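Subject: Model handover

Hello,

Here is the structure I promised to pass on. Please have a look, then read my notes below.

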Amino acid sequence: MIEFLRKYRWYIVSLVLLYAALSLWLFFLTDSPQAVPFGYQVN
Amino acid sequence: MSVVKILLLVFVPLAIFLALGEVMIRVYLSRNTFYDVEMSRYSRVLKLDADNPLIGHVHRPEGEARLMNVSVRINSHGFRDDEVSLNRSARRRIVFLGDSLTFGWGVEKQESFEHLIERELDGRSPTEIINFGTGNYNTVQEVNLFLEKGLAYHPDQVVLFYFINDAEVAAQKSRVPWLSNVRIATFFWSRGKALWARISPSAGFEAYYSALYRDDSEGWRNAKNALLQLRDVCIENGIELQVVLLPELHQLDPYVFEEQHALIVGHLERHGVDVLDLAPSFRNVTVPFDLWVSFDDAHPNSRAHRLIAGYTVDFIDRVRTR
């Protein structure tokens with residue numbers, strides 16, 4: 001496993017950064033006053 | 001390349017991202033609130049399954065939590081209220097039925113309209129109010145909670161606070177409740193809904209709430225029947241019944257759900273139920289957002305609770321004085 005991580009570290013780091021960028025984009029894009037119905041979880 | 005290696009290349013970055021994201025969101029939430037996370041915490045910390053499927057869930061007796069930066073304490077009977085005996089005193093007794101707005105979501109107990117109205121009425125004539133408000137209830141659940149627990153308190157009066165989403169059918173329980181502990185899952189669920197509402201107007205609050213009141217809507221049909229059931233029970237037991245319609249706080253002038261409120265008022269008036277629609281009283285509010293609990297939560301804040309109390313107290317008190 002260590003060997004695997006070492007071999008593909010830049011691929012893994014790039015993909016994690018891509019996911020993080022997409023998450024930040026979603027966060028800022030939807031950071032606006034509530035526009036959806038009240039959502040909730042029953043239990 | 002082997003299948004195992006391909007799977008590792010897909011899932012290892014994802015697992016690292018989710019783990020780091022979970023940590024970062026928890027750090028963010030240590031200084032900020034996030035409505036959907038707070039609702040998940042409310043569900044997990046303060047709710048229990050009810051034996052009666054028509055009620056669905058009840059509060060955990062003597063539960064305590066800090067939600068939306070306010071303290072919430074549930075009494076031994078399962079209400080966000082002071083301890084109250086089933087036995088009557090000489091004070092006039094009123095039961096408030098409702099959902100999260102009546103519960104006082106996002107405001108301290110002493111800032112809630114229930115508390116403000118009780119203080120005002122008690123000053124005029126000895127009065128106590130018992131707050132049955134429970135988050136995420138619809139009208140069917142509110143009425144059934146009253147049938148199961150409320151009659152035992154022998155109230156003189158019942159006031160049901162109706163909100164536009166009370167005509168929803170009861171939500172299904174999550175099949176993966178443990179996910180509510182995972183903040184990053186809640187984040188993507190919540191922000192995914194918000195993104196979808198931008199893409200598809202039918203997912204927004206206006207279209208969604210309006211659709212609840214179509215002729216073929218099961219939830220609206222159930223709500224109407226539950227209101228009539230409550231009226232009949234109150235008549236049988238000599239209890240005065242009133243209904244107050246609370247405004248939805250996105251757009252108040254012109255009020256975006258005027259047509260739906262007219263349907264609800266019409267139904268109640270046709271069946272002899274005393275009703276007060278508060279939406280017209282809120283038309284003078286030029287910036288509705290000023291009445292919200294927070295940016296991502298359109299529940300009424302303490303200022304809105306003061307307005308609700310002020311506009312409602314005489315309506316409730318007229319039962320005593322007539």
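First, the contact between the chains. In this predicted model, 24 residues of chain A are in contact with 37 residues of chain B. On the chain A side, helix H2 (residues 9-29) gives the largest share, with 10 residues. That side of chain A has 18 nonpolar and 6 polar residues. Charged residues are absent from it.

Next, strand S5 of chain B, residues 92-97. S5(B) is mostly covered, with 6 of its 6 residues buried. Arg92(B), Ile94(B) and Phe96(B) point one way from the strand. Arg93(B), Val95(B) and Leu97(B) point the other way. Note that both arginines, Arg92(B) and Arg93(B), are among the buried residues.

S5(B) has two pairings to look at. With strand S6(B), residues 127-131, S5(B) pairs in the parallel sense over 5 bridges. There, Arg92(B) stands opposite Thr127(B).

Last, a hairpin in chain B. Strands S3(B) (residues 64-67) and S4(B) (residues 70-73) run antiparallel and are joined by 4 bridges. Arg66(B) has Ser71(B) as its bridge partner in S4(B). The hairpin leaves 2 residues between S3(B) and S4(B).

Best regards

Methods
Residues numbered from 1 in each chain as written. Chains lettered and ligands numbered in written order. Predicted model: local features only at pLDDT ≥ 70, side-chain atom pairs only at ≥ 80, totals over all residues. Buried ≥ 20, exposed ≤ 12 C-beta atoms within 10 Å, placed from the backbone. Pairing = 2+ DSSP bridges. Contact = placed C-beta atoms within 7 Å. Nonpolar A, V, L, I, M, F, W, Y, C, P; charged D, E, K, R; others polar.
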